[in-house]
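Subject: Structure handover

Hello,

Here is the structure you asked about. Please open it next to this note, and my findings follow below.

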Amino acid sequence: MAFENQQVLEEPEPDSAPFNSKAAKKGQASRGKLVWLELRSTTRFWIGAITVVLIIAWAIFGPATTHWGAGSTDLLNSGTAPSSDHWFGTDGIGHDLYVDTALGLRISLVVGLVGGPLGTVIAAIVGSFTGYIGGVFDSIVSWFIDLMLVLPSFFILLLISPALKSLSWVSLVLFIPAFGWMILAQVIRSSTRSLKDRDFVKAARFMGVSTPKIVFRHIIPNVASLLIIDATLGVVYAISTETALSYFGYGVQAPQISLGTLIAAGTPGATTQSWLFLFPSAALVLLLFAVGLVGDALRDAVDPTSGVTND
């Protein structure tokens, strides 16, 4: 009898309805394995993932593939077009643009790959706890989120840009996600208010499971598709925001280099020395496109009911 009661009081498993049919077909495969099986058969995932890996490899090892180092100048070939000696050409003071683009990618990648997911983590925690706890706490946090949403995040970053100039570019990794989590937090909050009335959440609450455990074990996994999509979009948002701030002179400051500073430096000569503008811009577009492909494939793999498969 005691054993039967123990079985009844076991904590319910999180809801995983989208995967139930596939789990039945593929035996006892874990959720992570099911996601991987979906990704493995998705062409755009491989295209995006391989492209991102190659871009990261270029950012890390690219400068080592040429004899031109960071900050080195070739005054005899300053302002020259791409050649066998300078694959992407040089700027007006003889800097090798191939090396500068790789160095600029490093900062853009760090800001995007760290800052984007960090904003998603903030939104997931704030939105899920606010929606689950409810009451006065929900009202106060919702009022704060609405207040933050009144002003566009990019405008806020512009307002605090004088302070950012005196800090390292690393501060962008924290400031960009700090003003980019509010919309997703509202979405997660609404989803949580619906999920907390589901039977598996009620059963966990009835058995005395703590609020943090319910949120992290039962609520957040059920909005994982939203979080993964937003994390991917967050990478695109963080890179785009850093590039825009640096382009207008409010982000990365000299002597540091980012794609935004390179594009800004190449804009005046876009028609006469097009390589100064085209190569950093192409690197930025390719990076954002590849990240978007990975995010799209992840969305379909995590939530097969989210839309029509494009492959």
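Is Thr192 buried or exposed? In this predicted model, Thr192 is buried, with a relative accessible area of 0%. The residue lies in helix α10. Setting aside residues up to four places away in sequence, Thr192 touches Gly127, Ser128, Gly131, Tyr132 and Ile219.

**Salt bridges**

Three salt bridges were counted. In general, side chains of opposite charge can pair when their charged atoms come close.

Start with Arg44. Asp296 forms a salt bridge with Arg44, and their closest N and O atoms are 2.7 Å apart. This pair links distant parts of the chain. Asp296 is in helix α15 (residues 275-302), Arg44 is in helix α4 (residues 43-61), and 252 residues separate them.

Arg44 also meets Asp300 in a salt bridge, at 2.3 Å from N to O. Here too the pair links distant parts of the chain, with Asp300 in α15 and Arg44 in α4, 256 residues apart. Asp300 has 9%, so Asp300 counts as buried.

The remaining pair to look at is Arg189 with Asp138. Their closest N and O atoms are 2.6 Å apart. Arg189 lies in helix α10 and Asp138 in helix α6, so the bridge ties together parts that are 51 residues apart in sequence. Arg189 is buried at 14% relative accessibility. Asp138 is buried at 9%. Bridges that share partners join Arg44, Asp296 and Asp300 into one network.

**Helix α4**

Several residues of α4 are buried, including Arg44, Phe45, Gly48, Ala49, Thr51 and Val52. Ile55, Trp58 and Ala59 in α4 are buried as well.

**Nonpolar cores**

In soluble globular proteins, nonpolar side chains tend to be buried together. Which residues have the most contacts inside the largest nonpolar core? They are Ile214 and Leu227, in a core of 35 residues. At least two residues of this core come from each of α5, α6, α7, α9 (171-178), α10 (182-195), α11 (199-206), α12 (211-219) and α13 (224-247). The most come from α5, which gives six residues.

Take Ile214 on its own. Leaving aside neighbours within four places in sequence, Ile214 is in contact with Tyr132, Val201, Ala204, Arg205, Val209 and Ile219.

**Leu97**

Leu97 is found in helix α5 (residues 97-133). Leu97 counts as buried, at 4% relative accessibility. What does Leu97 touch, not counting residues up to four places away in sequence? The list is Phe88, Gly89, Thr90, Leu262, Trp275, Leu276, Phe279 and Pro280. Leu97 and Trp68 are 29 residues apart along the chain, and their C-alpha atoms are separated by 9.8 Å.

**Surface patch**

Now the outside. Trp143, Phe144, Leu147, Val150, Leu151, Phe155 and Leu159 form a nonpolar patch on the surface. Together they have about 730 Å² of accessible area. Both α6 (135-150) and α7 (153-159) supply at least two residues of the patch. The largest share, four residues, comes from α6.

Trp143 is found in α6. Is Trp143 buried or exposed? Trp143 is exposed, with a relative accessible area of 56%.

Best wishes

Definitions and conventions. Residues numbered from 1 in each chain as written. Predicted model: local features only at pLDDT ≥ 70, side-chain atom pairs only at ≥ 80, totals over all residues. Heavy atoms only, no water. Patch = residues over 30% accessible without salt bridge, like charges linked within 9 Å, V, L, I, M, F, W, Y side chains within 5 Å. Areas by Shrake-Rupley, 256 points an atom, 1.4 Å probe, with all protein chains shown as cover. Salt bridge = Lys/Arg side-chain N within 4 Å of Asp/Glu carboxyl O. Buried < 20%, exposed > 50% of the residue type's maximum accessible area, 1.4 Å probe, protein only. Contact = heavy atoms within 4.5 Å. Core = buried A, V, L, I, M, F, W, Y, C linked by side-chain atoms within 4.5 Å.
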